[in-house]
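Please keep the sequence and the model at hand while reading.

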Amino acid sequence: MQHRHRHRHAGRITYAVLTLFAAGSLFPLVWTAIAASRNTTRLAQTPPPFWFGSNLLRNLLIAWTDANMGTALFNTVLVAGTVAAGTVPFSTLAGFAFAKLRFRFKNLLLLLVIGTMMVPPRLGVVPLYMLIAELSWTDRLQAVVLPTPVSAFGVFFMRQYLLQALPTELVEAARVDGASSWRVVWHVVFPAARPAMAVLGMLTFVMAWNDFFWPIIALTQNGNPTVQVALTGLGRGYIPDQSVIMAGALLGTLPLLLAFVIFGKHIVGGIMTGAVKG
């Protein structure tokens, strides 16, 4: 008996709902670009503008110069990339240990790791700042990078993924064949965890890119600013130029959009692979 495979197509209502949600998601970005192309006087009027003006390039140039955006973008790419490059392998190693290895107090240590996610980060700001000041790291990028080489969320995320995606029999077979622990990790764990590693890397990169609270404390706008620190300089003054602020926000958002355009297919593929294996 032959079964005919029929492809189900979404109806008009589904497409209308998806279009509505897509338009709602894109509207803040589009309106940021519209505001960046106007001037403060026009933005203060009612109703606000809903179409592009002629000042976009001028405002982008002002924001680029006043906010030291070139240095800020370079620093942010360096910081976010380094944090992601450190978090992904360390979290994968720890997640593999909690998922597949046997050692004493494993459940207790896992609870401690998860418990750190419930501690507000603000509680550690004062001792952390005292530490970087003692090390003379104030206004240096390592003050932002080194406190976050691994995250409790990353460890828990990789642990949950590897519980399902990595068969225990595969690890045991590699050990029977005489593979060392590092060879098991390199040839068995990392290939199995690759989809989740890609997702965790992008999530970590975005969080590090958008981080504001700790960088504004550890860095300065005129020294080694990240994008979020540099944008604070645009809001200073007796009457801040809102259009220039919007232009700076647009400059700080475009690299992330470019990254999603380039790697979005791999990220979605990793999420779908994890969903199927889970």
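The expected span of a helix is taken here as 1.5 Å times one less than its number of residues. The model is a predicted one, and by that rule the 14 residues of its helix 8 should span 20 Å, which agrees with the 20 Å between the end C-alpha atoms. The chain as a whole has 13 helices and zero strands.

**Overall fold**

- Read from the N terminus on, the elements of the chain run α-α-α-α-α-α-α-α-α-α-α-α-α, in keeping with the count of 13 helices and zero strands.
- Of the 278 residues in the chain, 35% are buried, and the chain exposes about 17600 Å², of which carbon and sulfur atoms supply 67%.
- Among contacts between residues at least 6 apart in sequence, 71% join residues that are at least 24 apart.

**Helix 8 and the nonpolar patch**

- Helix 8 covers residues 152-165, and the residues buried in helix 8 are Ala 152, Gly 154, Val 155, Met 158, Arg 159, Tyr 161, Leu 162 and Ala 165.
- As background to such a list, residues three or four places apart in an α-helix point the same way, because there are 3.6 residues a turn.
- A nonpolar patch on the surface is formed by Met 117, Met 118, Phe 153, Phe 156, Leu 203 and Met 207, which together have about 580 Å² of accessible area.
- Helix 8 and helix 10 (181-210) each supply at least two residues of this nonpolar patch.
- Leu 203, one of the patch residues, lies in helix 10 and has a relative accessible area of 38%, so Leu 203 counts as partly exposed.

**Aromatic pairs**

- A pair of aromatic rings is described by two quantities, the distance of the centres and the angle of the planes.
- The count comes to five aromatic pairs, among them Trp 51 and Phe 52, whose ring centres are 5.4 Å apart and whose planes stand at 75°, so this pair is edge-to-face.
- Within that pair, Trp 51 is exposed, with a relative accessible area of 61%, whereas Phe 52 is partly exposed, at 35%.
- Phe 98 and Phe 103 form an aromatic pair that is tilted, with 6.0 Å from centre to centre and 55° between the planes.
- Phe 98 has a relative accessible area of 10% and is therefore buried, while Phe 103, with a relative accessible area of 34%, is partly exposed.

- Phe 105 is not a glycine, yet Phe 105 has a positive phi of about 60°.
- Phe 105 is placed in the loop between helix 4 (69-100) and helix 5 (106-116), and with a relative accessible area of 54% Phe 105 is exposed.
- Ser 136, although not a glycine, has a positive phi of about 60°, and its place is in the loop between helix 6 (125-134) and helix 7 (142-145).
- The relative accessibility of Ser 136 is 48%, so Ser 136 counts as partly exposed, given that the class of exposed residues begins over 50%.

Terms used
Residues numbered from 1 in each chain as written. Predicted model: local features only at pLDDT ≥ 70, side-chain atom pairs only at ≥ 80, totals over all residues. Heavy atoms only, no water. Patch = residues over 30% accessible without salt bridge, like charges linked within 9 Å, V, L, I, M, F, W, Y side chains within 5 Å. Areas by Shrake-Rupley, 256 points an atom, 1.4 Å probe, with all protein chains shown as cover. Salt bridge = Lys/Arg side-chain N within 4 Å of Asp/Glu carboxyl O. Helix = DSSP H or I, 4+ residues; strand = E, 2+ residues; numbered from the N terminus. Buried < 20%, exposed > 50% of the residue type's maximum accessible area, 1.4 Å probe, protein only. Contact = heavy atoms within 4.5 Å. Phe/Tyr/Trp six-rings, centres within 6.5 Å; stacked < 30°, edge-to-face > 60°.
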